[in-house]
Amino acid sequence: DEVACGSCHNVHEAHDPVMRTATQPQVCFDCHQQVRSQTMKAFGHPIMQGKMDCTGCHSPHGDDTEGFQQLTANDTCFQCHAEKRGPYLWEHAPVSEDCGLCHNPHGSTQPGMLTKRAPLLCQSCHSQNGHPSVAFDTSGLPDGMPNQYLLGQSCLNCHTQVHGSNHPSGSKLMR
């Protein structure tokens, strides 16, 4: 689809709305309605609050990268979230592959802009065999770990370092 300059820019205004952080998203949302809906969800980047605009991540004039991103998806995220980049002694492979495997960058109903809540998100890749997500008793966990660690049924109760760990005993992403 070819888009004319006038589709986004208003040359007859002293302050073109697409050039201002507070009003640029509304110009983009004229065509990108689904993205607008996502940004209005409970957890997301502060786009609707006018603290961030679309060109912070996207290049509207069509760079060669997919989705008109200025960089690769991860490099775009790491511009603001450098602490998640690593390198880590113990890496969680999806982190280095694509942030979008776990996070929805425009907005989500889940905390941390996750695509699903744990344990469902974790179990979309990891098997629950021998490591159940529901705390029935201590027999399902290695070392007879007490079941209070599974309260809330979240893998993140123990595996807190899901992006990676540099701790010498962090191979299970727990430290």
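Search the whole structure for disulfides and you find zero. Bear in mind that this is a predicted model. A disulfide is a covalent bond between the sulfur atoms of two cysteines.

Take Cys-102 to begin with. Cys-102 is in no disulfide, and the nearest cysteine sulfur, that of Cys-125, sits 6.9 Å away. Cys-102 counts as partly exposed, at 23% relative accessibility. Cys-158 has no disulfide either: the nearest cysteine sulfur belongs to Cys-155, at 8.9 Å. With a relative accessibility of 15%, Cys-158 counts as buried, because buried means under 20%.

**The chain as a whole**

What does the fold consist of? The protein chain comes to five helices and two strands. Reading from the N terminus, the order is α-α-α-β-α-α-β. Of the 175 residues, 23% are buried. The chain exposes about 11900 Å², and carbon and sulfur atoms supply 55% of that area. Looking at contacts with a separation of 6 or more, 38% come from residues 24 or more positions apart.

**The loop between helix 4 and helix 5**

Helix 4 covers 93-97 and helix 5 covers 120-123, with Ser-108 in the loop between them. Is Ser-108 buried or exposed? Ser-108 is buried, with a relative accessible area of 6%. What does its side chain reach? The side chain of Ser-108 gets to the backbone oxygen of Leu-114 at 2.6 Å. Leaving aside residues up to four places away in sequence, Ser-108 touches Gln-38, Lys-41, Ala-42, Phe-43, Met-113 and Leu-114.

Met-113, one of those contacts of Ser-108, is found in the loop between helix 4 and helix 5 too. Met-113 counts as buried at 12% relative accessibility. Its phi is near 55°, a positive value in a residue other than glycine.

Most residues other than glycine have a negative phi, and most peptide bonds are trans. Leu-173 is buried, with a relative accessible area of 11%. Then there is a cis peptide bond joining Gly-86 and Pro-87, where omega is about 10°. Pro-87 is found in the loop between helix 3 (73-78) and strand 1 (90-91).

Where does Leu-156 lie? Leu-156 is in the loop between helix 5 and strand 2, the latter at 164-165. Leu-156 is partly exposed, with a relative accessible area of 34%. Not counting residues up to four places away in sequence, Leu-156 touches Ala-118 and Val-162. Pro-119 is 37 residues apart from Leu-156 along the chain, and their C-alpha atoms are separated by 8.2 Å.

**Accessibility at a glance**

Here are the residues discussed above, with their relative accessible areas.

| Residue | Relative accessible area | Class |
|---|---|---|
| Ser-108 | 6% | buried |
| Leu-173 | 11% | buried |
| Met-113 | 12% | buried |
| Cys-158 | 15% | buried |
| Cys-102 | 23% | partly exposed |
| Leu-156 | 34% | partly exposed |

Methods:
Residues numbered from 1 in each chain as written. Predicted model: local features only at pLDDT ≥ 70, side-chain atom pairs only at ≥ 80, totals over all residues. Heavy atoms only, no water. Helix = DSSP H or I, 4+ residues; strand = E, 2+ residues; numbered from the N terminus. Buried < 20%, exposed > 50% of the residue type's maximum accessible area, 1.4 Å probe, protein only. Contact = heavy atoms within 4.5 Å. Areas by Shrake-Rupley, 256 points an atom, 1.4 Å probe, with all protein chains shown as cover. Polar contact = N/O pair within 3.5 Å; in protein donor to acceptor, adjacent residues only side chain to side chain. Disulfide = S-S within 2.5 Å.
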